Amino acid sequence: MSELDSPIEFLKGVGPARAELLRSELNIRTFRDLLHYYPFRHIDRSKFYSIREIDPDSALVQVKGKFLHLDAIGANRATRMVGAFQDEHGELMEVVWFRGITWLKKSLKENVPYVIFGKPGLYKGKIQMSHPEVESMESFDRPLKGRLEGVYSTTEKLKARKVDSRTIRKLVEALIPAVEPFMSESLPETLRKKYDLLSRRHALKSIHFPATTDELAQAQKTLKFEELFYVQLRLIQVKAQRDKTIKGNVFNHVGHAFNSFYNDHLPFPLTGAQKRVIKEVRRDVGSGQQMNRLLQGDVGSGKTIVALLCGLIAIDNGFQVALMAPTEILAQQHFETISELVENLEVEVSILTGSSKTAYRKELHERLENGQINILIGTHALLEDKVKFKNLGFVIIDEQHRFGVAQRSRLWKKSINPPHILVMTATPIPRTLAMTVYGDLDVSVIDELPPGRKPIKTVHRRDKDRLQVFGFMKDEIKKGRQVYIVYPLIEESQKLDYKDLMDGYESICRAFAQPEYQVAIVHGKMKPEDKDFEMKRFASGQCQIMVATTVIEVGVNVPNATVMIIESAERFGLSQLHQLRGRVGRGADQSFCILMTGHKLSNEGRVRMKTMVETNDGFVISEVDLKLRGPGDIMGTQQSGSLGFQIADILKDTDLLELARKEAFSIIDGRSEMSKQELDIVRNRLKIVMKRLPNWARIS
Ligand code: ADP
Ligand code: MG
């Protein structure tokens with residue numbers, strides 16, 4: 001045990017009571033935890049800045065100068081105080097206050113020397129400071145500080161018990177001399193020289209107590225690089241090891257099923273992107289290694305047919321195929337689509353879901369075990385232990401963000417050699433995130449929509465526009481088109497949500513009366529047969545309107561439906577909205593998406609509506625989504641914040657991430673020019689890091 005592992009209560013100034021507080025409030029248990037509890041920002045009282053030097057990322061800084069003028073703008077509650085502050089070099093900056101206007105009016109004077117101190121920001125492309133502290137030059141008699149000061153985040157409870165940012169700074173001050181001898185180097189000199197990084201010791205000290213802003217920036221860069229480098233190294237290593245040790249079934253033969261389908265039964269020519277992905281999969285499954293591939297493709301990009309063609313290769317090599325979907329409706333639909341596509345081939349397709357009857361199941365289990373069934377489509381029911389394959393070789397998982405890692409590994413156990421796995425998702429995980437979280441999965445992208453698709457027109461309407469929306473629906477229905485109306489359904493408020501849904505359904509039935517109009521309804525509380533019946537009425541065109549909850553979110557395919565109306569759209573997340581919108585725009589006709597909201601919207605809600613109206617591009621949408629929600633949420637992991645990263649921000653630090661990844665690859669590939677001693681540094685550090693890496697890094 002090194003000094004770093006010492007319990008925090010042994011640090012001078014801590015003691016048992018404070019130790020307990022630090023543990024429960026900040027999860028700081030050891031010397032090491034405190035060392036890595038970095039300030040979230042810094043105060044620079046080391047000098048007076050000129051306005052020209054300031055950038056929006058600066059620490060809190062102080063500037064000497066005067067107000068050329070000060071004006072109270074706006075009426076009543078909207079009043080703000082705006083000052084034009086000029087520094088000693090004649091540069092100008094706007095300063096603004098939204099509170100305390102009366103006091104400011106009384107006490108601030110124009111053309112009198114002041115020192116202002118605050119966090120710079122950017123407003124309309126210019127540097128601005130809001131709510132700075134102001135002191136008259138006369139009374140400002142403090143000496144300049146030698147260094148920047150870190151600001152640490154604390155909690156209300158800590159503050160109440162007198163542990164504020166200043167206290168933590170003091171503790172870190174006491175800590176550093178005690179642990180300094182134990183800070184071992186983590187990055188070889190070659191890397192530090194190449195990327196202008198500090199030694200680890202220097203970086204750790206400087207992140208807490210930087211002498212200058214430049215030193216701070218360098219310390220941050222060093223620690224971010226270190227963090228990203230070791231995470232990437234670990235991920236790449238896992239993948240390399242797996243490629244070496246796990247044998248995959250070799251599909252070296254493309255036979256009758258694939259060829260006859262490809263040559264004679266393809267319903268449309270494949271897009272270039274679809275062909276490319278099939279080639280990528282073919283290369284993988286023929287290689288002798290086990291494939292783990294993530295297939296990303298926006299809604300409607302045609303992932304199903306790609307999956308089927310890959311599945312046919314498995315069948316040609318004597319293996320069975322499983323296709324797992326997140327909902328019963330979707331499984332049903334896949335079953336119908338695929339059964340129809342392979343109608344003229346000698347391929348047996350079956351379905352298994354939670355509502356499959358016992359007698360049917362029994363027979364199915366048998367036919368599955370003796371290999372009569374070639375493709376089994378289903379829901380989570382496929383994971384049950386009773387479901388045994390004769391020779392499962394290929395697994396397709398649709399819309400994987402609904403499946404946990406644990407469930408995936410259960411599928412894995414269903415065959416002797418691990419099957420090849422193709423995970424399909426329309427949630428376009430941003431590249432940086434895919435690289436980090438799925439670092440050990442290969443990624444294929446369908447980045448091209450089938451020809452002739454028109455971008456969906458999206459508008460945002462308020463409840464008061466409802467009559468107009470009804471009118472629009474009638475026009476579209478007159479043209480022979482169909483309409484979806486979707487209501488939110490959130491677990492916690494199920495009762496109210498069902499009421500909304502039923503109220504909505506009734507008012508639609510009144511506005512769109514029989515016999516001219518037929519309205520279908522689908523929601524999660526219905527019996528599967530009833531759901532099925534309603535879906536069929538809609539899919540076959542007997543109904544013009546489908547009222548539903550989000551059960552239709554993924555995958556449902558009715559090309560004649562051209563209008564998607566989303567009720568209480570503000571209650572949906574961006575990726576869900578995008579998924580829902582993807583239910584229309586599947587045919588040649590112009591499609592529309594109408595987002596209905598109440599009058600009041602949160603800022604975030606407004607950003608979501610605006611994003612949807614402005615773009616159809618799933619990648620852009622997921623970037624915005626990631627910024628609004630944070631990556632942990634998108635991946636459905638428990639990790640709060642940024643996937644357990646301490647300092648790196650995978651959204652902002654993409655350049656560093658790519659560099660770190662490049663270096664990690666060259667080490668694993670044996671291309672690195674580092675000396676043996678240097679590689680030992682990496683190896684030793686990796687061992688330490690591995691012990692602390694969060695679970696998500698171990699996918700399978
Ligand atoms: P998703 O990627 O969202 O799962 P689907 O596989 O459901 O998309 O395909 C969406 C629609 O596009 C389906 O009706 C499918 O038949 C059609 N489609 C797929 N590929 C093509 C293509 N190359 N040309 C024309 N239509 C296609
Ligand atoms: Mg799909």
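Predicted model: local features only at pLDDT ≥ 70, side-chain atom pairs only at ≥ 80, totals over all residues.

Author: Let's start with the rings. Phe67, Phe85, Trp97 and Tyr114 are linked by ring pairs into a cluster. A pair here is two rings of Phe, Tyr or Trp (its six-membered ring) with centres within 6.5 Å; planes under 30 degrees apart are called stacked, over 60 edge-to-face, and the rest tilted.

Some ground rules before going on. Residues count from 1 along each chain as its sequence is written, while chains are lettered from A and ligands numbered from 1 in the order in which they are written.

Searching the whole structure turns up 14 aromatic pairs. One of them is Phe229 with Tyr230, an edge-to-face pair at 5.0 Å centre to centre and 80° between the planes. Phe229 counts as buried because its relative accessibility is 0%, and Tyr230 is buried too, at 1%. (Buried means under 20% relative accessible area, exposed over 50%, and partly exposed in between, using a 1.4 Å probe and protein chains only.)

Rings also meet charges. Arg45 lies over the face of Phe117, 3.6 Å from the ring centre, and the charged end of Lys47 sits over the ring of Tyr49, 4.5 Å from its centre. For that label, NZ of Lys or CZ of Arg has to be within 6 Å of the ring centre and within 35 degrees of the ring normal.

Now for Glu226, which has its place in helix α8, residues 213–245. (Helices, H or I with at least four residues, and strands, E with at least two, are DSSP runs numbered from the N terminus.) Glu226 is buried because its relative accessible area is 11%. Its side chain makes a polar contact of 2.8 Å with that of Ser186; such a contact is a pair of N or O atoms within 3.5 Å, and within protein one must be able to donate a hydrogen and the other to accept it, with residues adjacent in sequence counting only if both atoms are side-chain atoms. Neighbours within four places in sequence aside, Glu226 is in contact (heavy atoms within 4.5 Å) with Ser186, Leu187, Arg200 and Arg685.

Strand β10, residues 292–297, has six of its six residues buried. In a regular strand, side chains alternate between the two faces of the sheet. In β10 both faces are covered: Asn292, Leu294 and Gln296 on one side, Arg293, Leu295 and Gly297 on the other. Five bridges join β10 to β15 (residues 420–425) in parallel, with Asn292 opposite Ile421. Five bridges also pair β10 with β16 (residues 442–446), again parallel, and there Gln296 partners Val445. Pairing takes at least two DSSP bridges between the strands.

Finally, the ligand. Gly300, Lys303, Thr304, Arg453 and Asn557 come nearest among the 16 residues around ligand 1, where a heavy atom within 4 Å makes a residue near. Oxygen atoms of ligand 1 lie 3.1 Å from a backbone N or O atom of Gly302, 2.6 Å from a side-chain N or O atom of Thr304 and 2.7 Å from a polar side-chain atom of Arg453.

Note on methods: Heavy atoms only, no water.
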